[in-house]
Amino acid sequence: MLQRNTICKMRLWLISAFLVSLSVLATSQPSVVKTANECAKDNKVQLKDAMGIMMKYKIKSRTHNVKCFINCIFDRFPILDVAKKKFKAEDNQVCLSIKNDDKCEESFSKFECFLKLEKKLNKNKGQSPK
């Protein structure tokens with residue numbers, strides 16, 4: 001009986017330690033990852049696809065759900081403010097002037113526009129001055 005009681009206490013302790021660990025992991029998650037998870041879940045986008053978009057700007061499929069995921073990210077992060085600081089005003093204006101009644105489509109088009117600006121900027125940085 002004593003041995004069984006000790007085993008039950010050990011199991012309870014292990015379960016408690018596991019739950020505390022999960023709690024710590026959940027609260028220590030960076031806000032970007034947490035928000036990406038939420039946006040992915042809200043828009044029914046697989047997490048690995050969402051992380052590909054967030055980390056590498058890699059888009060596997062251009063579904064409406066993916067476009068709405070990007071809209072969600074735009075709504076929750078100051079991405080457009082960062083872009084305004086990073087690119088020339090006239091380049092920014094081209095992207096920011098994109099309008100669409102469907103906010104998911106609009107955000108996706110802006111996202112693609114800023115990606116083109118990013119590639120152009122990186123290409124120009126790679127060239128040596130003459």
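Predicted model: local features only at pLDDT ≥ 70, side-chain atom pairs only at ≥ 80, totals over all residues.
Trainee: How many disulfides does the count come to?

Mentor: The count comes to 3 disulfides. A disulfide is a covalent bond between the sulfur atoms of two cysteines.

Trainee: What makes Cys39 and Cys72 a disulfide?

Mentor: Their sulfur atoms are 2.0 Å apart, and the rule asks for a pair within 2.5 Å. The pair therefore counts as a disulfide. This link joins distant parts of the chain, with Cys39 in helix H2 and Cys72 in helix H4, 33 residues apart. Both Cys39 and Cys72 are buried.

Trainee: Why is the disulfide of Cys39 and Cys72 called left-handed?

Mentor: The torsion about its S-S bond is about -70°, so the disulfide is left-handed.

Trainee: Which hand does the link of Cys68 and Cys104 have?

Mentor: The link of Cys68 and Cys104 is right-handed, with 100° about the S-S bond. The S to S distance in this disulfide is 2.0 Å. Cys68 lies in helix H4 and Cys104 in helix H7, so the pair ties together parts that are 36 residues apart in sequence. Both of these cysteines, Cys68 and Cys104, are buried.

Trainee: Why do Cys95 and Cys113 count as buried?

Mentor: Buried means under 20% relative accessible area. Cys95 has 0% relative accessibility, so Cys95 counts as buried. Cys113 has 14%, so Cys113 counts as buried too.

Trainee: What is the pairing when the bonded cysteines are numbered in sequence order?

Mentor: The pairing is 1-3, 2-5, 4-6.

Trainee: How do you know that the span of helix H2 agrees with its number of residues?

Mentor: Helix H2 (residues 31-42) has 12 residues, which at 1.5 Å a residue should span 16 Å. The end C-alpha atoms of H2 are 16 Å apart, so the two values agree. Just after H2, Lys44 takes a positive phi of about 55°.

Trainee: Which residues of H2 are buried, and how do you know that they line one face?

Mentor: In H2, the buried residues are Thr35, Ala36, Cys39 and Ala40. Seen down the axis of H2, they fall within an arc of 135°, so they line one face of the helix. An α-helix has 3.6 residues a turn, so residues three or four places apart point the same way. The buried residues of H2 pack against helix H3 (47-56) and helix H4 (64-76).

Trainee: Why is Glu106 called buried?

Mentor: The cut-off is under 20%, and Glu106 has 7% relative accessibility, so Glu106 counts as buried. Glu106 is found in helix H7 (residues 103-126). Leaving out residues up to four places away in sequence, Glu106 touches Ile98, Lys99 and Asn100.

Trainee: What makes the pair Glu106 and Lys103 a polar contact?

Mentor: The side chains of Glu106 and Lys103 are joined at 3.0 Å. The limit for a polar contact is 3.5 Å between N or O atoms, and 3.0 Å is within it.

Trainee: Is Lys110 buried or exposed?

Mentor: Lys110 has 8% relative accessibility, so Lys110 counts as buried. Lys110 also has its place in helix H7. Beyond its neighbours within four places in sequence, Lys110 is in contact with Phe74, Cys95, Leu96, Ile98 and Lys99. Along the chain, Lys110 and Lys99 are 11 residues apart, and their C-alpha atoms are separated by 8.8 Å.

Trainee: Which residues touch the most other members of the largest nonpolar core?

Mentor: Val45, Ile53, Phe69 and Ile70 do, in a core of 14 residues. The elements that give two or more residues to this core are H2, H3, H4 and H7. H4 gives the largest share, 6 residues. Apart from this core lies another, of 7 residues, among them Phe87, Cys113, Phe114 and Leu117.

Trainee: What is Ile70 in contact with?

Mentor: Leaving aside neighbours within four places in sequence, Ile70 is in contact with Ile53, Ile59, Ser107, Phe108 and Phe111.

Definitions and conventions: Residues numbered from 1 in each chain as written. Heavy atoms only, no water. Helix = DSSP H or I, 4+ residues; strand = E, 2+ residues; numbered from the N terminus. Buried < 20%, exposed > 50% of the residue type's maximum accessible area, 1.4 Å probe, protein only. Polar contact = N/O pair within 3.5 Å; in protein donor to acceptor, adjacent residues only side chain to side chain. Contact = heavy atoms within 4.5 Å. Expected span 1.5 Å × (residues − 1). Arc of directions from axis to C-beta. Core = buried A, V, L, I, M, F, W, Y, C linked by side-chain atoms within 4.5 Å.
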